[in-house]
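User: Can we talk through the aromatic side chains in this one? Here it is.

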Amino acid sequence: EFKFPLSGDTLHFNRPSVGQIKTLQEFSSTLEGNPNGDVMMSAKLIKMLCAEFNEESEANIKKDILELEAPDRAAILPFYFELLGITKEDVWETVSRNLQTTTKN
């Protein structure tokens, strides 16, 4: 269950299968550099993992996400990482490690 921090609305996510995780990883790799990548990824997540939105088009979900207040819009992706068991510390550690690698070269 995901509760938007600002609006208080609730979404019910299904735990992703291995196949769904792979699909989402492949999709996210195509979004690098896209300024709307977070919105596109959030729409894909909601469509794929929320039963109540399975029949909704991703375009409509994207439109709805863009209408959310920034704190609610920004909360979706961290929730997905949490659902997978990836903490903020894990993400920052990976980012930090990657930055150290790229800045040394």
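**Aromatic contacts**

Analyst: Starting point: one aromatic cluster is made up of Phe2, Phe4, Phe13 and Phe79. Keep in mind that this is a predicted model, where local features need pLDDT of at least 70, side-chain atom pairs count only at pLDDT 80 or more, and totals for chains, interfaces and linings use all residues. Numbering runs from 1 along each chain as its sequence is written, and side-chain values use heavy atoms, with hydrogens and water left out.

User: How many aromatic pairs are there in the whole structure?

Analyst: Five. Rings of Phe, Tyr and Trp (its six-membered ring) pair if their centres lie within 6.5 Å; planes under 30 degrees apart are stacked, over 60 edge-to-face, and the rest tilted. Phe2 and Phe79 make a tilted pair, 4.9 Å centre to centre with 50 degrees between the planes.

User: What does that pair tie together?

Analyst: Phe2 is in strand β1 (residues 2–3) and Phe79 in helix α5 (residues 76–84), so the pair links parts 77 residues apart in sequence. Helices (H or I, at least four residues) and strands (E, at least two) are DSSP runs, numbered from the N terminus.

User: And how are Phe13 and Phe79 arranged?

Analyst: Also as a tilted pair: 4.9 Å between centres, 55 degrees between planes. Phe13 sits in the loop between β2 (10–11) and α1 (18–29), so its pairing with Phe79 in helix α5 bridges 66 residues of sequence.

User: Is Phe13 buried or exposed?

Analyst: Phe13 is buried, at 12% relative accessibility. Buried means under 20% relative accessible area, exposed over 50%, partly exposed in between (1.4 Å probe, protein chains only).
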